[in-house]
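Here is my note for you, point by point. Keep the structure open as you read.

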Amino acid sequence: MFSYKEIGLVNTKEMFAKAMKGGYAIPAYNFNNMEQMQAIIQACVETKSPVILQVSKGARQYADKFILRNMARGAIEYAKELGCEIPIALHLDHGPNFEVAKDCIDNGFSSVMIDGSALPYDENVALTKQVCDYAHQHDVTVEGELGVLGGVEDDVSAEESKYTKPEEVQDFVSKTGVDSLAISIGTSHGRCKFTPEQCTRTPDGVLVPPPLAFDVLEGVEKMIPGFPIVLHGSSSVPVEYVRIIEQFGGKIPDSVGIPEEQLRKAAKSAVCKINIDSDGRLAMTAMIRKMFAEHPEEFDPRKYLGPAREELKKMYARKNIEVLGSAGHALD
């Protein structure tokens, strides 16, 4: 058993309490490699924002759980080196079963999500409670999920979304003991969060998605007032990155995300954690494709990963300031 406290990580309990009081959301940025981790920490130190370093099942398979744990240790030391000891949590995103969640808890994660949303309700309750019972013995916080998000991200996929039923949330929270709840109000995984048929188009061809179901969010808040709510699938899929990727040979048609003004509105409510993954992938890919096209002779990974890292940092910093509202709250 390796406790996250040994390396200076924090769980999400205090983070979320402060976020709800302050009307902002904690950024939960997915990472798979060193450059992504560096960009996240640089941006959050620069903007003085708390942060959740988020790891999917696929990321653990790609980077190895022990390397990721030590990257989190490195992140803490890196933040100190950059001049600000920001609160950092290490979180399992979309844990598929008890065994994976337990393995993360035993290996230094300070927070885990158990995703039983595709299961029948009673099975979701039982699985989530099992994880909570184990995690809470080690002061690890747990996120559960009710409702199904559409889209594809790593091993998580669903053809269509199913909104969370507000009438179920109070029973779910009380029976499971979860510390936060991911809900479905129209966000979606991946870079194509809506079909073209669900969207309208601007004169220059940009897809405009339908609005989020804030009535569902309000219904959830009424049933469990003051309880931390999480939004998954909340990348905005910036048009500028999509255009750069396609300009330099990529093919990612019908890419559309969640408008940032809607995320800002959500962050002022009980939503205190917003997950962003696809935007980071797009920013990195755009800069790498651009570098290869403009400098075809280049083969030093530092020369193309460096600019990608810098673009990531700028994007994350802007998200903290303009979208999530978390900037300046690391020292609250």
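Predicted model: local features only at pLDDT ≥ 70, side-chain atom pairs only at ≥ 80, totals over all residues.

1. Start with K48. K48 sits in the loop between α2 (34-46) and β2. Its phi is positive, near 55 degrees, and K48 is not a glycine.

2. Now compare H94. This residue is found in strand β3. Phi of H94 is near 55 degrees, again a positive value in a residue other than glycine. Is H94 buried or exposed? H94 is buried, with a relative accessible area of 6%.

3. Next, the sheet. Eight strands form a closed barrel with parallel pairing. The order is β1-β2-β3-β4-β5-β8-β12-β13. Ignoring direction, neighbouring strands of this sheet are turned by 25 degrees against each other on average. As background, strands of a sheet pair through backbone hydrogen bonds, either parallel or antiparallel.

4. Follow strand β13 (residues 271-276) through its partners. Four bridges join it to strand β1 (residues 26-30), and the two run parallel. P27 stands opposite I274 in β13. Y29 stands opposite I276 in β13. Strand β12 (residues 229-231) also pairs with β13 in the parallel sense, over three bridges. There, the bridge partner of I229 is V271.

5. How many of the six residues of β13 are buried? Six of the six are, so the strand is largely enclosed by the rest of the structure. Helix α1 (residues 13-22) lies across β13, as well as β1, β2 (51-56), β3 (88-95), β5 and β8 (180-183). Helix α1 runs at about 110 degrees to β13.

6. Check the length of helix α6 (residues 121-137). It has 17 residues. After α6 comes D139, whose phi is positive, near 60 degrees.

7. Look at the buried side of the account for α6. N124, V125, L127, T128, V131, C132, Y134 and A135 are buried. An α-helix has 3.6 residues a turn, so residues three or four places apart point the same way. Look for that spacing among N124, L127, T128 and V131, which are among the buried residues of α6. What do the buried residues of α6 pack against? They pack against α5 (98-106), β4 (111-114), β5 (141-146) and α7 (166-176).

8. K313 deserves a look. Its place is in helix α12 (residues 301-324). K313 is buried, with a relative accessible area of 14%. Which side chain does the side chain of K313 make a polar contact with? The partner is the side chain of E46, at 3.1 Å. Leaving aside neighbours within four places in sequence, K313 is in contact with A39, Q42, A43 and E46.

9. Finish with a helix crossing. The axes of helix α10 (residues 260-267) and α12 come within 9 Å and cross at roughly 65 degrees. That makes α10 roughly perpendicular to α12. On the α10 side, E260, L263, R264 and A267 make the contact. On the α12 side, the contact is made by R318, K319, E322, V323 and L324.

Key
Residues numbered from 1 in each chain as written. Heavy atoms only, no water. Expected span 1.5 Å × (residues − 1). Buried < 20%, exposed > 50% of the residue type's maximum accessible area, 1.4 Å probe, protein only. Contact = heavy atoms within 4.5 Å. Pairing = 2+ DSSP bridges. Polar contact = N/O pair within 3.5 Å; in protein donor to acceptor, adjacent residues only side chain to side chain. Axes fitted to C-alpha atoms, helices over the stretch in contact; angles between N-to-C directions. Parallel < 35°, antiparallel > 145°, perpendicular 65-115°, else oblique.
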